[in-house]
Structures are given as C-alpha cells and as structure tokens.
Amino acid sequence: MLTVSTVNVNGMRAAAKKGFVEWLAATKADVVACQEVRAETELLPEEVRAPAGWHVFHAPCEVKGRAGVSLYSRAEPESVRIGFDAPEFAESGRYLEATFAEVVVASLYLPSGDVGTPRQAEKERFMAAFLPYLAELRGKAEADGREVLVVGDWNIAHAEVDLKNWRTNRKNSGFLPEERAWLGQVYSEAGYADVQRRLDPEGPGPYTWWSYRGKAFDNDAGWRIDLHVASRGLADRCTGIEVERAATYEERWSDHAPVTATYDIG
C-alpha cells in the first residue's frame, strides 16, 4: 500500500509554527507533497528542512517569497526532477517529481492567476506547456511499468460541485470555462483521472481551500482545488481518500487542508 498526502502550506515557516510539524510527525503517509512553501531551503527550520525519517526534496522559486514545492518520502526515490519541459518555469518552484519503483509522484503548484492581469497570462502559458508534458510523462512511465500521481494545488475547480459559490465565480480565475476545459483535457486526452471523483462522483466538495476572509471556513464555503490526479490504472487502485479538514477555525495551520489517499500498488 502507498499513502500519499498533499497540502498547500501557505508559507512553510508560518505553518511550522502553527501545527505542520506536529501533523507531519503524526501522519501515516509514505509521501507528503507540499506547495507554496515560500522560502529558500536554507531559511526553513530544521524540523521541516530535514526531519528525521524522511528523504526531503525542496524546489524553491527563484523569486524570493513566492511559490516553492517540496516532497517528503519515507523511501528514497530512484531519481528526482525539478521542473518540466518549459524553460520559463524551470526555477519557478512549481513542479517537483520523484520516481519510485512502481510509481512517479509529483508535487504541483499551478499558478493561481487573476483575470485581466499578467498573472492570468502566466497561468495560461503554464497550462499550455504542462498538458503535453503530462501526456509524455504518463506514456514514459507506462513503458517502464509505472503509474503516475500528480498531487497538489491545481488552482482550478473543475465542476460546479467543486466550489460552494460557483454562480458568483464564473468569471473569476480558477473557475473560468477555458480553465475547466483544460482540466477536462488532462482527464480525457492526457490519460489521467480525478481520484476523488472516482470514489465520490456526485459531490458537493469535499472542499480543500477556504478563504481566511469572512466566515468561509465556518460556512464551508470552499473550493476543491487540491487534487490527486492519477494515471487511470492507479486511480482504479485507490482504496480511500480523505480531506483532513481541521475541526475548528483555530486549529488550522493553513488555509488549505491536507488531502490523503491510499493506493494498493502491491
């Protein structure tokens, strides 16, 4: 069995002070993927930079204080790759990939975007470059007898059941028709599956991100944007998936919740 957890930590140094360290010590996951680390590796506290019992890989962003992804693994991977086939995003701290005997696991932080700004154009360029890479990755892994799992903050809600207030967000980044269509291509053309929706096709939610503004968390007015996206063979072997939503607002150590799934890879 392989248990994988993904979480956008919303700043690792802050999360470490608020509960991430304790969560990492308690998790049963074999692999943990983190996004929005927002710190150079040497600036991270020792307990998250190199915790005992884990092989740890960090991919910080070349722009200080932005993005950044990490992977924690109990087993040492055969190889690790930072970035994908897009020079613009080579040092953007948005993609980190580890290859194991049976599976390739990647941590993804897709740009968030903002309609009418350069951030949205950046997001569109990223998506255009990333889709063919995903298809190529799956093909190569399949040829090697491996499955693929890309977890992380995809920053797109695919369907109306994936966010509480979908009607008021139809013109906002994260729920634009073209973004939703692109994620559909990941599933239909690149050969992947949304693991959560394989097990829970109806929804609504479960949501994984809630704004700190207002009463979003208390009212469960969230978005499901933190995803396990797996090659179809692996998706079919998922035995369970859970959003580890904090019990109370005060117990949150990020505005996202960990999403943890177990796969039967034996």
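Reader: Let's start with A128: is this residue buried or exposed?

Author: This is a predicted model, and in it A128 has a relative accessible area of 55%, which is over the 50% cut-off, so the residue counts as exposed. A128 sits in helix α4, which covers residues 118–143.

Reader: And how far apart are A128 and S254 in space, C-alpha to C-alpha?

Author: The two C-alpha atoms are 29 Å apart in space, and A128 and S254 are separated by 126 residues in sequence.

Reader: S254 makes me curious about what it touches; which residues does N10 touch, leaving out those up to four places away in sequence?

Author: With those sequence neighbours left out, N10 touches S254 and D255, and also Q35, E36, R38 and Y212. The side chain of N10 also makes a polar contact with the side chain of R38, at 3.0 Å.

Reader: Where is N10 found, and why does it count as buried?

Author: N10 is in the loop that runs between β1 (2–8) and α1 (12–18). Its relative accessibility is 18%, and because the limit for buried is under 20%, N10 falls on the buried side.

Reader: Switching to S173, where is its place?

Author: S173 belongs to the loop between β8 (147–153) and α5 (177–188). With 17% relative accessibility, S173 counts as buried.

Reader: What does the side chain of S173 reach at 2.8 Å?

Author: At that distance the S173 side chain reaches the backbone oxygen of S112. There is also a polar contact between the side chains of S173 and K123, at 3.4 Å. Not counting residues up to four places away in sequence, S173 touches both S112 and K123, along with G113, D114, V115, Q120, E179 and W223.

Reader: Now the largest pocket: how many residues line it, and which lie nearest its centre?

Author: The largest pocket has 36 lining residues, and those nearest its centre are S112, G113, R119, N155 and W209. S112 and G113 are also among the residues that S173 touches.

Reader: How many cavities of 30 Å³ or more does the count come to?

Author: The count comes to one cavity of 30 Å³ or more. β10 (226–231) and β11 (238–243) are the elements that give two or more residues to the lining of the largest cavity, and β10 provides the largest share, with three residues. The space inside the largest cavity is about 50 Å³.

Reader: Which residues line the largest cavity?

Author: The lining consists of D194, Q196, P206, T208, R224, D226, L227, H228, I241, V243 and V259. By class, that gives five nonpolar, three polar and three charged residues.

Terms used. Residues numbered from 1 in each chain as written. Predicted model: local features only at pLDDT ≥ 70, side-chain atom pairs only at ≥ 80, totals over all residues. Heavy atoms only, no water. Helix = DSSP H or I, 4+ residues; strand = E, 2+ residues; numbered from the N terminus. Buried < 20%, exposed > 50% of the residue type's maximum accessible area, 1.4 Å probe, protein only. Polar contact = N/O pair within 3.5 Å; in protein donor to acceptor, adjacent residues only side chain to side chain. Contact = heavy atoms within 4.5 Å. 1 Å grid on protein atoms, 1.4 Å probe; cavity = no way out; pocket = protein on both sides within 12 Å on 5 of 7 lines; lining within 4 Å. Points joined across faces, edges and corners; volume = space filled by probe spheres on them. Nonpolar A, V, L, I, M, F, W, Y, C, P; charged D, E, K, R; others polar.
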